[in-house]
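Colleague: I am new to reading structures. Could you take me through this one, feature by feature?

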Amino acid sequence: MKTAEEPAPKLGQTLEWLRKELAEMQIQDQKLLLTLRHLHSVLEELRSESAHWEDARSSGGASPIRARAGSEGRGQPPVSSRRLAQLLQGVDSRRSSLP
């Protein structure tokens, strides 16, 4: 026969598991936030370069290739498509575990 005290250890274990999962989710959320901020800065850089190329193309000035080469010296190296893919793969890394 079950007593009223049996659920307490099970409840304690469940609460401990929930605390652990929430702590792990907070870490994942922080990593996602950093990734999203980085992606945002990359997108802003690409928008800036695109606008620069369009301006160069419409003004008949330097070729878009030369305009791009000049924009790469702004302190941030261009992001390769492989690096972008790696960043995006981390976005789907949330796991699902049950107690």
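Colleague: Let me start with the surface. What is the accessible surface of the chain, and how much of it belongs to carbon and sulfur atoms?

Modeller: This is a predicted model, so treat each value as computed from it. The accessible surface of the chain comes to about 8300 Å². Carbon and sulfur atoms account for 59% of that surface.

Colleague: And what share of the residues is buried?

Modeller: Buried means under 20% relative accessible area. In this chain, 12% of the 99 residues are buried.

Colleague: Which elements make up the secondary structure?

Modeller: There are 3 helices and 0 strands. Read from the N terminus, the order is α-α-α.

Colleague: Where is confidence lowest, and where is it highest?

Modeller: Start with the scale: pLDDT runs from 0 to 100 and gives the predictor's confidence in each residue. The chain averages 76. Of the residues, 54% score at least 70. Helix α1 has the highest confidence, with a mean of 92. Helix α2, residues 64-71, has the lowest, with a mean of 52.

Colleague: How do I read contacts along the sequence? What share joins residues at least 24 apart?

Modeller: Take the contacts between residues at least 6 apart in sequence. Of these, 70% join residues at least 24 apart.

Colleague: Back to the surface. Which residues form a nonpolar patch there?

Modeller: Leu11, Leu15 and Leu18 do. Together they have about 250 Å² of accessible area. Look at leucine 11, which sits in helix α1, residues 7-59.

Colleague: Why does leucine 11 count as exposed?

Modeller: The cut-off for exposed is over 50% relative accessible area. Leucine 11 counts as exposed because its relative accessibility is 51%.

Colleague: Now charges. How many salt bridges does a search of the whole structure find?

Modeller: First the general idea. Side chains of opposite charge can pair when their charged atoms come close. Here, the search of the whole structure finds 3 salt bridges.

Colleague: Which residue does arginine 19 pair with?

Modeller: Arginine 19 forms a salt bridge with glutamate 16. Their closest N and O atoms are 3.7 Å apart. Both residues are in helix α1, 3 residues apart, so about one helical turn separates them. Arginine 19 counts as exposed because its relative accessibility is 51%. Glutamate 16 is at 47%, so it counts as partly exposed.

Colleague: What is the partner of arginine 47?

Modeller: That partner is glutamate 44, with the closest N and O atoms 2.6 Å apart. Glutamate 44 is partly exposed because its relative accessibility is 37%.

Colleague: And where do arginine 57 and glutamate 54 lie?

Modeller: Both are in helix α1, 3 residues apart, about one turn of the helix. Glutamate 54 has 43% relative accessibility, so it counts as partly exposed.

Colleague: One last feature. What does the side chain of serine 41 reach?

Modeller: A polar contact is a pair of N or O atoms within 3.5 Å. The side chain of serine 41 reaches the backbone oxygen of histidine 38 at 2.7 Å. Serine 41 lies in helix α1. Its relative accessible area is 27%, so serine 41 is partly exposed.

Notes: Residues are numbered from 1 along each chain as its sequence is written. This is a predicted model: local features need pLDDT of at least 70, side-chain atom pairs count only at pLDDT 80 or more; totals for chains, interfaces and linings use all residues. Side-chain values use heavy atoms; hydrogens and water are left out. Helices (H or I, at least four residues) and strands (E, at least two) are DSSP runs, numbered from the N terminus. Buried means under 20% relative accessible area, exposed over 50%, partly exposed in between (1.4 Å probe, protein chains only). Contact means heavy atoms within 4.5 Å. Accessible areas come from the Shrake-Rupley method with a 1.4 Å probe; for residues, only the protein chains shown count as cover. Patches are made of residues with over 30% relative accessible area and no salt bridge: like charges are joined within 9 Å, nonpolar side chains (Val, Leu, Ile, Met, Phe, Trp, Tyr) within 5 Å. A salt bridge is a side-chain nitrogen of Lys or Arg within 4 Å of a carboxyl oxygen of Asp or Glu. A polar contact is a pair of N or O atoms within 3.5 Å; within protein, one must be able to donate a hydrogen and the other to accept it, and residues adjacent in sequence count only if both atoms are side-chain atoms.
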